Amino acid sequence: MPLSVEHQSQLLEALSRYWGYESFRPLQAESMHCVLTDKDSVVVLPTGGGKSLCYQVPAVCLDGLAVIVSPLIALMKDQVDGLKTCGVAADFINSTQTGGQRLAVANEVRAGRLKLLYISPERLVQEKTIEFLREAKIRFIAIDEAHCISEWGHDFRPEYRQLSILREQFPTIGLHAFTATATEQVRRDIARQLKLREPEVLVGNFDRPNLVYRVERRDNIPEQIRSIIDRHRNESGIVYCTSRRETEDVAAILNASGYRALPYHAGMDDYSRRENQESFINESVDIIVATVAFGMGIDKSNVRFVIHVGMPKSLENYQQESGRGGRDGLQAECCLIYSMSEFMRWKKLTEEGAAESRGPAMKSLQAMADYATGIVCRHRKLVSYFGQEYDKENCGACDLCLQEMDVVDDSLIVGQKILSSVVRQGQKFGAEYTALVLKGSKDERIRRNQHDLLSTWGLLKDQSQSTIREWIEQLAAQDFLSRVGEYNLLEVTPRGWQLLKGEITPKLVRPSETTKDERNQSRAAKVAASWEGVDRALFDTLRSLRHELSVEHDVPAYVIFTDETLRDMSRFRPSTLEGLSQIKGVGEKRLADYGEHMLSAIVEYCETSQVTPDNWPNERPTSRRSSTATPKEPSSSRSSSSSGPPAKARALQMFADGSSIEDVMEAIGRARSTTISYLCEYIRSAAILDAAPWIGTETYERVSAVASKLNTDLLKPIFDGLNGEVPYDAIHIAMECHRNRQGLDEATSE
Ligand code: ADP
Ligand code: ZN
């Protein structure tokens with residue numbers, strides 16, 4: 001039964017009014033339709049797919065109470081905070097509350113004032129709760145994280161089993177199950193356990209096109225992490241490590257290099273752990289360095305990068321952990337830095353593990369290793385592992401499709417060279433040694449073993465040692481080589497012998513020919529594309545304001561406004577409340593609560609930095625809300641969407657040729673703010689140290705001194721620290737040079 005026009009407009013109206021969104025994500029409308037028409041449903045959407053809205057929006061539209069079953073107390077609070085921020089009457093009942101608080105919530109329910117009530121499964125199935133809810137007018141029940149009901153799932157919780165009584169206790173209302181991870185078997189199990197009546201099963205697309213996947217072999221961890229984080233200055237990110245100690249070490253290294261990072265692992269006391277988590281959520285720090293213990297129950301939607309230092313033990317784990325990036329739909333980068341020794345360690349642990357789980361665990365681990373070393377598009381690999389087809393030829397969002405890696409043409413010959421060296425060495429040596437032989441090293445050990453006399457000695461002398469090492473790993477991952485014994489000695493497998501006979505061709509890639517710097521720059525440019533037209537300095541200002549509001553109101557920063565909303569504010573720079581209300585993600589309640597704050601920051605910024613406010617694109621979206629106030633007409637005719645790459649390329653070239661800001665502005669016909677943002681990009685990409693041509697040495701010195709004193713690179717505190725005497729533009733330019741200098745200092749002091 002299709003969604004009626006009437007239902008559709010009712011849902012859209014609520015979506016816009018409370019959340020400030022204009023359209024549905026895939027399958028949301030279908031799912032909401034099930035809720036409105038009391039048709040039982042099982043909804044499988046990937047993380048970030050927007051499951052919560054599937055029951056929240058109908059709950060707002062319907063009369064009566066929606067009961068939401070949720071396993072995690074921390075998550076309940078976040079969800080309820082989020083709803084309240086949007087102006088939706090919601091609350092929860094759980095063990096963190098006092099008796100008095102619970103009573104107050106119960107009274108709200110009785111009075112029919114609540115729209116959504118969050119509750120844990122064990123509390124819901126208690127007789128007195130059932131009794132109580134039967135008296136209240138309950139309209140439907142949504143079961144979040146529904147895979148917990150199935151033993152086949154990866155997160156079985158016995159208390160979920162008891163939910164099977166709901167069908168008998170509430171025979172007339174709709175039951176709706178939501179999950180992000182479910183194979184077909186789990187899906188069927190959910191429907192069976194909950195006794196759903198011919199449920200509508202909606203399964204979303206598991207691909208996450210906004211995630212950019214990259215894989216690197218472990219080489220120099222601090223440097224590798226820094227080069228990723230540098231693409232995401234002043235943005236939130238997670239670094240996952242496989243051991244507690246490593247989280248502490250990596251956090252210390254990052255802090256020593258001037259980043260703001262905190263560790264998080266199960267070995268810390270509750271208090272510090274909670275405090276570090278809180279700092280990440282309210283954005284006092286940008287980076288959390290954590291073990292897998294981190295993430296469950298955290299909904300932070302604006303995580304812009306997820307780095308894995310070390311290989312997770314299964315591809316399911318990797319998908320879930322990396323999936324915590326980019327839930328708001330904006331681009332996020334997921335980088336896996338692995339080494340094969342981790343794979344060997346997991347393999348050993350799995351082999352020692354319980355017999356019945358050994359098979360599946362081994363399969364997931366092997367899939368993880370294949371993902372890391374394989375040369376199939378990473379999106380395709382993930383999607384097909386989860387049983388879906390992937391139809392794009394080129395995803396445009398992984399290191400392989402972006403051609404950051406080169407496929408080796410003569411991989412059969414290279415493979416044969418490596419394997420025959422292993423054979424000639426008597427299969428008694430490890431990967432490092434083998435690479436040295438192929439490289440043609442005169443290492444003392446090699447001479448002693450007379451391996452410099454082997455026909456394979458120096459056979460790959462044109463390649464770098466690390467490339468040869470990488471190929472050995474790739475061959476091992478494709479099961480042409482295995483490692484045996486305590487010393488991981490290389491041995492040729494039966495498949496390897498087939499390769500030697502030329503019967504199978506391996507797939508080998510080499511790091512792209514471009515230099516590391518070039519690669520970093522082109523990656524940075526890709527990331528920058530999603531910032532097109534955004535005034536970065538204003539964004540930073542609004543972001544620190546959001547942080548202050550987050551601390552003041554004790555709600556997560558992303559609940560106040562998403563990154564996308566802040567970016568749009570910094571693109572369009574509305575100067576009136578009406579204008580502000582046009583921005584995606586600004587609903588009525590948020591407008592009333594935070595509108596004035598944002599507005600005065602935007603206006604102040606525009607004045608002090610001489611940037612034009614109300615920089616709307618030509619085709620401005622028509623007013624969503626049936627508000628009586630008519631928004632002020634856009635005062636600028638410049639379209640931010642037309643400020644495309646040609647203007648930018650021209651600007652970068654002109655700056656390189658020594659042109660002034662004014663000349664460039666004039667030549668490219670763009671606003672000052674856009675021109676400055678190009679200048680800053682130029683300074684960054686060309687690693688310029690001297691800001692003198694644009695702002696003078698004295699101004700630079702002042703900014704740099706305050707930045708060092710406050711130990712920040714956020715523009716707002718620096719602006720305040722200078723008593724507002726230096727305009728934002730100049731601070732922005734100075735800071736780019738300042739950071740380049742810091743980078744240089746670090747590099748030379750190591
Ligand atoms: P999930 O629970 O499936 O992981 P969420 O419900 O937390 O996803 O939604 C992820 C993010 O996407 C949230 O910030 C949410 O507000 C946003 N979102 C959900 N639906 C929409 C929509 N239709 N338009 C814009 N943003 C949306
Ligand atoms: Zn790809």
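1. A residue counts as near a molecule if one of its heavy atoms lies within 4 Å of it. The model is a predicted one. There are 15 residues around ligand 1, and those that come nearest are Ser23, Gly48, Lys51, Ser52 and Arg327.

2. By class, this shell around ligand 1 holds eight polar, four nonpolar and three charged residues. Helix α3 (residues 51–61) contributes the most to it, with three residues.

3. Several polar contacts can be listed. An N or O atom in the side chain of Arg327 is 2.7 Å from an oxygen atom of ligand 1. For Arg25, a polar side-chain atom lies 3.1 Å from an oxygen atom of the ligand. Gly49 takes part through its backbone, where a polar atom is 3.4 Å from a ligand oxygen. Of the 570 Å² of accessible area that ligand 1 has on its own, the protein covers 87%.

4. Turning to the sheet, six strands form an open arrangement with parallel pairing, in the order β8-β13-β12-β9-β11-β10. The edge positions belong to β8 (211–217) and β10 (261–264); each has a single partner strand, so one side of each is left without a neighbour in the sheet. From one strand to the next, the twist averages 15°.

5. Tyr213 stands opposite Cys334 in β13.

6. Helix α12 (residues 244–256) packs on the sheet and touches β9 (236–241), β10, β11 (287–290) and β12 (303–309). The direction of α12 makes about 175° with that of β10.

Conventions: Residues numbered from 1 in each chain as written. Chains lettered and ligands numbered in written order. Predicted model: local features only at pLDDT ≥ 70, side-chain atom pairs only at ≥ 80, totals over all residues. Heavy atoms only, no water. Pairing = 2+ DSSP bridges. Helix = DSSP H or I, 4+ residues; strand = E, 2+ residues; numbered from the N terminus. Axes fitted to C-alpha atoms, helices over the stretch in contact; angles between N-to-C directions. Contact = heavy atoms within 4.5 Å. Polar contact = N/O pair within 3.5 Å; in protein donor to acceptor, adjacent residues only side chain to side chain. Areas by Shrake-Rupley, 256 points an atom, 1.4 Å probe, with all protein chains shown as cover. Nonpolar A, V, L, I, M, F, W, Y, C, P; charged D, E, K, R; others polar.
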